Amino acid sequence: MKPPTPEQAAEAREKLDVDASRTVLATVARLSPNKGHTYLLKALAEICAEEPSLLYLAAGEGDQHWRGDGGLRGALEREAEALGIANNVRFLGYYPDIRAVLHAADLIVSPSLLEGMQVSLLEAMATGRPIVATPIGGTPDAVADGETGLLVPPARAPAPCAARGHGAREHLHV
């Protein structure tokens with residue numbers, strides 16, 4: 001992977017039916033409690049109060065053997081609804097074109113609580129997208145805090161950090 005051209009980014013947004021005017025945050029991760037999606041949703045509720053056009057794309061399936069709205073996906077969808085951000089969140093499920101998700105995003109977010117080395121973050125870095133992630137597992141070895149991304153404390157609703165990350169491209173060397 002490499003950074004998308006403006007045309008490739010526009011094509012990715014069109015493929016995902018995302019308006020060009022929206023700011024897009026994305027996560028590529030299995031829907032599992034250790035991935036910290038619930039903390040990100042809480043942060044998004046705060047951020048979306050100030051920026052209602054923000055869109056969060058979550059690509060990935062749950063740990064269960066079925067696809068659909070059962071398991072953690074259903075719980076996360078209900079949580080987004082309860083937080084009032086259901087219109088700002090899209091759970092894509094299994095999405096075969098991860099490149100399109102990364103190209104459509106303005107910022108990649110990884111709120112993980114437990115990791116080894118996240119392949120999805122390495123792919124995101126290859127696209128040149130700024131990253132907001134937790135310093136879990138091998139992430140600090142890959143993401144240079146304040147340069148290629150921002151590292152934020154895990155297991156919290158990191159709204160101030162995620163909001164800072166929203167403008168990360170201006171502050172980071174990506």
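Not counting residues up to four places away in sequence, H103 touches K2, P4, Q8, A9, A12, T127 and R129, where contact means heavy atoms within 4.5 Å. This is a predicted model, in which local features need pLDDT of at least 70 and side-chain atom pairs count only at pLDDT 80 or more, while totals for chains, interfaces and linings use all residues. Residues are numbered from 1 along each chain as its sequence is written, and side-chain values use heavy atoms, with hydrogens and water left out.

- H103 belongs to helix α4, residues 98–104 (helices are DSSP runs of H or I with at least four residues, strands runs of E with at least two, numbered from the N terminus).
- H103 counts as buried because its relative accessible area is 6% (buried means under 20%, with a 1.4 Å probe and protein chains only).
- S112, in the loop between β4 (107–110) and α5 (119–126), is buried as well, at 2% relative accessibility.

**Surroundings of S112**
- Leaving aside neighbours within four places in sequence, S112 is in contact with N34, K35, G36, Q118, T134, I136 and P154.
- The C-alpha atoms of S112 and P153 are separated by 9.9 Å, although these residues lie 41 residues apart along the chain.

**The protein as a whole**
- The secondary structure comprises 8 helices and 6 strands, which follow the pattern α-β-α-β-α-β-α-β-α-β-α-β-α-α along the sequence.
- Of the 174 residues, 51% are buried.
- Among contacts with a separation of 6 or more, 66% are between residues 24 or more positions apart.

Note on methods
Buried means under 20% relative accessible area, exposed over 50%, partly exposed in between (1.4 Å probe, protein chains only).
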